[in-house]
Amino acid sequence: MASPQPARHLRTYAQIAWLWIRAAWQYPTSFVLLAVGNGLITGLDFVGLWIMFSHLEDLAGFALHEVALLYGSASLALALADTAIGSVERIGTYIRTGRLDQMMTKPVPLLVQVCADQFTLRRLGRLTQAAAVFGWACTYVDWSPLRVLVAVSMLASGALVFFGLFVGFSCVQFWTTDATEFANAFTYGGATVTQYPLSIFPREVLVGLTFVVPVAFVNWYPCLFLLGRTDPFGMPEAFQFASPLAGVLTMTAALLVWRTGVRHYTSTGS
């Protein structure tokens, strides 16, 4: 009996990614130095927060360990998405160089090839740093079975939201061929915003981050539940459990945009 289509695509992705990992490991010293350097550079972000809290008692009512929970969860979700499919940002380069045309001739789904292309584990440094901060912040949470479930779904759903944002906004390059920074404003920019309590922003910003670019579901709403806090903006309590729905809807919209972009694409030789 044939395996389900998603499982087959996932296996193909893993095979392509493994080829790139083996190629990178031919130079182990370079691999390790890049991973460590990446972790140290991203780690400076939290060091900055730590220094800031040496002069503050709280940030919009949030203590350091509470901000660390927001920071760690947002950074971890972004790192998972960036590691898995960050190569989709290069779609504009693939179009200009004709590499996308080559990919389209292969009997493998185009999105699978683009996401797995040039897969690298050097981003493990970022993953490790984010996981360390998140793990430390979790020691302050009063855990219950429901909170464990919410925390796990938060990380998975947050990664899915960023998956969707990476794919969806990178598709703009089908029409412009050079809009990487535009996409980064919503992916990396969205992650940066959610590393802080959203209560430091006006309500209008929260509404935009909830209903337009749904990064508030990456960590803000579920973290309110994990911390036992009420929403300072008075948003529905159900939003604290809606991250999986936001992740699925974001990814579904991104796949529709991807399909439209591929249909629009007419090849560099046209």
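**View 1. Arg229 and Glu66 in a salt bridge of the predicted model.** R229 has a relative accessibility of 27% and therefore counts as partly exposed, a class that lies between buried (under 20% relative accessible area) and exposed (over 50%), with a 1.4 Å probe and protein chains only. This is a predicted model, in which local features need pLDDT of at least 70 and side-chain atom pairs count only at pLDDT 80 or more, whereas totals for chains, interfaces and linings use all residues. Residues are numbered from 1 along each chain as its sequence is written, and side-chain values use heavy atoms, with hydrogens and water left out. R229 forms a salt bridge with E66, and the closest N and O atoms of the pair are 3.1 Å apart; the term stands for a side-chain nitrogen of Lys or Arg within 4 Å of a carboxyl oxygen of Asp or Glu. Because R229 lies in the loop between helix 12 (220-226) and helix 13 (243-264) while E66 lies in helix 3, the pair ties together parts that are 163 residues apart in sequence. Helices here are DSSP runs (H or I, at least four residues), numbered from the N terminus. E66, at 10% relative accessibility, counts as buried.

**View 2. The salt bridge between D82 and R126.** The structure holds three salt bridges, and in the one shown here the closest N and O atoms of D82 and R126 are 2.9 Å apart. The pair links distant parts of the chain, with D82 in helix 3 and R126 in helix 7 (residues 124-138), 44 residues apart. Both D82 and R126 are buried.

**View 3. The salt bridge between R99 and D117.** The side chains of R99 and D117 meet at 2.5 Å, N to O. R99 lies in helix 5 (residues 99-104) and D117 in the loop between helix 6 (110-116) and helix 7, so the pair ties together parts that are 18 residues apart in sequence. R99 is partly exposed, with a relative accessible area of 28%, whereas D117 is buried, with a relative accessible area of 3%.

**View 4. Helix 10 with helix 3 and helix 8.** Two packed helices are described by the angle between their axes and the distance between the axes.

View 5. V36 belongs to helix 2 (residues 28-53), and at 46% relative accessibility V36 counts as partly exposed.

Definitions and conventions: Helix = DSSP H or I, 4+ residues; strand = E, 2+ residues; numbered from the N terminus. Axes fitted to C-alpha atoms, helices over the stretch in contact; angles between N-to-C directions.
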